[in-house]
Amino acid sequence: MTVDVRALLELSRALQGASTFADILNAARDAVVRSTRYRSTWLIAVENTPDQQWCRVLAMEGASSELVWERAPRFPVGADPFLLEILEGDHPVIVEDMRTDPRTDKEIVSRTDHRTGISIPMRIAGATLGMLCVGTFGAEGVVPPTQEEVEHLTIFGSLVAAAFDRVRLLIQRDALDAQAKSLADKGRALEEQLRHLQRLESAGQMASGIAHDFNNLLMAIAGHAEISLAELPPGPVTESLQVILEATQRGSRLTHNLLSFSRRRVLSRRAADLNQIVDRARQLILPAIRAEIALQFSPAAEEVPVFVDEVEIEHAVINLVTNARDAIPDAGTISIEVRTAQLEDDFVTRHEGKLVGTCASVSIRDNGVGIPEGLLAQVFEPFFTTKSVGRGSGLGLATVRALVDQHGGVVSVESELGRGTTLTIYLPLATGTRAPRDTAVAARAGGGETILIAEDDDMVRALLVRVLRGQGYQVLEASDGQTAIELFRAESARVHLVLTDLMMPRRTGLELVKAVLAFQQQTPIVVMSGYTSDPAGASELTELGLPIISKPTTPTEVLLKIRRILDGSS
Ligand SMILES: Nc1ncnc2c1ncn2[C@@H]1O[C@H](COP(=O)(O)OP(=O)(O)OP(=O)(O)O)[C@@H](O)[C@H]1O
Ligand SMILES: [Mg+2]
């Protein structure tokens, strides 16, 4: 045989420089075209998955990148005798005419218009990596190889096999590198997330640690300020008292933020009308809005039923309106709008389908300074603030997002620098349950009913006892959970309602609640405080569905709540 040495040399030089399957194929095709009559060349790789062996067509002529590796069709080797003959042998398999040879798949042959096919297995160290194939199609007709052509192709096959093995390992190494890099990236992201969670956790611990004492202090201050305000004629002193009340509100917003945001608050959800919740929030925040700022409210024409913890949603709205106020340097307008909104498809996708279809929304729009685009993503991060020390702690929006999230809702922000900002809370609509109409109970006076108070803070207990007695209630008091349980057992016949704190020495409020319910199930109970240091207890309380008053609270709130419950309207 006359070997075309020059073709061999060129092939082996080209193969040495090959770094992709396409390079290999190009080099092989040049050699094939030079030394044989065949014009079509292709490469097939063998792939092993746990339960199958596959053939994948890597590249036909002209294929320009190893992308084909990913895209090209692959077919199972299975028990196909033809493929097995090629893969298991170490010699070229020649099919003179694909259309008539009994070994071929006639469906594929007619689809590809295949005529002659020569497949040379690429074997390295006893394993078959794939095959180098050449052949004719359609009008090229049937072209059986000469002995010399077969010998050339056999040598090409072994040269190509070595290059193929090298490139295969290169690609595998690159894939592993990429994988390692993406794992390292993921690791970094997880680390970042962990740090974030740790920050949350420590904020939560700090919050529940100080909130108990701090709320009790605030409650005593606010309570006495409220009582004095009611008893004094208007004048400079009542103005000071008003300022004291506002300052306690700010303090209480801060503890509330810390607790909500770290999810240590007990959610007490019920069906309600979003219009009414937002309106209450508006009334609460109104005194804190300067006269130069117009606060507009546009409720939805129809009731907007939601199933929420009303205090938390009020609180979220107050946070947003406070931010809007702080963003208006002089005069401006804040508008609050409640609607039912039909969600657009792209909104749904952006929020991963958390909310779909129609939902409830409340948006707070201001014409203040706006948020620079680069900061839009950051404003929800805990402790992110642009305000000076003492003016902002950066927990407002983080809290809003956490509690809206807890309600299965979504918060969105739009802002234009210098023109203003709109923040919108979207909540699922409540179905089935109708929101009860707020019956605006103005009554607060007692009718001689007996209230058992369990509260360990002397100042707060004294304040409550004073207020309740002042309104005509009988009061039994206990300064810890155990005493309260004993007192209740002894006096249950005359106790109309139990008002309890949650965190108390000896037995906790939750234990008291359980003991009371076990002893006399229909006893009305009101829980004050609304947070616990133990998240499991928090969800247990939520499940019991008891009315909850968040501390710090005002005497008026406690009186209204108690009256409403005793009158059976809540
Ligand atoms: N309506 C708004 N207009 C312009 N900037 C806003 C608006 N709302 C929030 N921001 C920006 O987002 C930051 C974070 O707000 P966030 O409510 O979380 O914290 P804060 O208001 O700074 O402090 P805190 O609410 O704890 O008192 C603000 O400091 C402000 O820079
Ligand atoms: Mg804020």
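This is a predicted model: local features need pLDDT of at least 70, side-chain atom pairs count only at pLDDT 80 or more; totals for chains, interfaces and linings use all residues.
Figure 1. In all, 23 residues surround ligand 1. The closest are Asn323, Ala327, Thr385, Gly392 and Gly396. Two elements, α9 (310-327) and α11 (396-406), each give two or more residues to this shell. The largest share comes from α9, with four residues. By residue class, the shell around ligand 1 holds twelve polar, nine nonpolar and two charged residues.

**Figure 2. Domains of the protein chain.** The centres of domain 1 and domain 3, taken over C-alpha atoms, are separated by 83 Å.

Figure 3. Helix α12 covers residues 458-470, 13 residues in total. From first C-alpha to last, α12 reaches 18 Å, close to the 18 Å expected at 1.5 Å a residue. Its buried residues are Val460, Arg461, Leu463, Leu464, Val467 and Leu468. After α12 comes Gly472, with a positive phi near 90°.

**Figure 4. Helix α14 and its two faces.** Helix α14 runs over residues 509-519. Gly509, Leu510, Leu512, Val513 and Val516 are its buried residues. Seen down the axis of α14, they fall within an arc of 160°, so they line one face of the helix. Which exposed residues does the face turned away from the buried side carry? That face carries Ala518 and Phe519.

**Figure 5. Ile44 in strand β1.** Ile44 lies in β1, which spans residues 40-49. Is Ile44 buried or exposed? Ile44 is buried, because 24 other C-beta atoms lie within 10 Å, and 20 or more are enough to count as buried. Leaving aside residues up to four places away in sequence, Ile44 touches Cys55, Arg56, Val57, Leu58, Gly130, Met131 and Cys133. One of these contacts is Cys55. Ile44 and Cys55 are eleven residues apart in sequence, and their C-alpha atoms are 6.3 Å apart in space.

**Figure 6. Ala125, a residue with positive phi.** Ala125 is not a glycine, yet its phi is positive, about 45°. Where does Ala125 lie? Ala125 is in the loop between β5 (114-124) and β6 (127-137). Ala125 is exposed, because 6 other C-beta atoms lie within 10 Å, and a residue with 12 or fewer counts as exposed.

**Figure 7. Phe383, a residue other than glycine with positive phi.** The phi of Phe383 is near 70°. Phe383 is found in the loop between β11 (358-366) and α11. The helix that ends this loop, α11, also gives two or more residues to the shell around ligand 1. Phe383 counts as exposed, with 11 C-beta neighbours inside 10 Å.

Terms used
Residues are numbered from 1 along each chain as its sequence is written. Chains are lettered from A and ligands numbered from 1 in the order in which they are written. A residue is near a molecule or strand if its C-beta atom, placed from the backbone, lies within 6 Å of it. Ala, Val, Leu, Ile, Met, Phe, Trp, Tyr, Cys and Pro count as nonpolar, Asp, Glu, Lys and Arg as charged, and the others, Gly among them, as polar. Domain bounds come from an automatic or database domain assignment. The expected span of a helix is 1.5 Å times one less than its number of residues. Two residues are in contact if their C-beta atoms, placed from the backbone, lie within 7 Å. The arc is that of the directions from the helix axis to the C-beta atoms.
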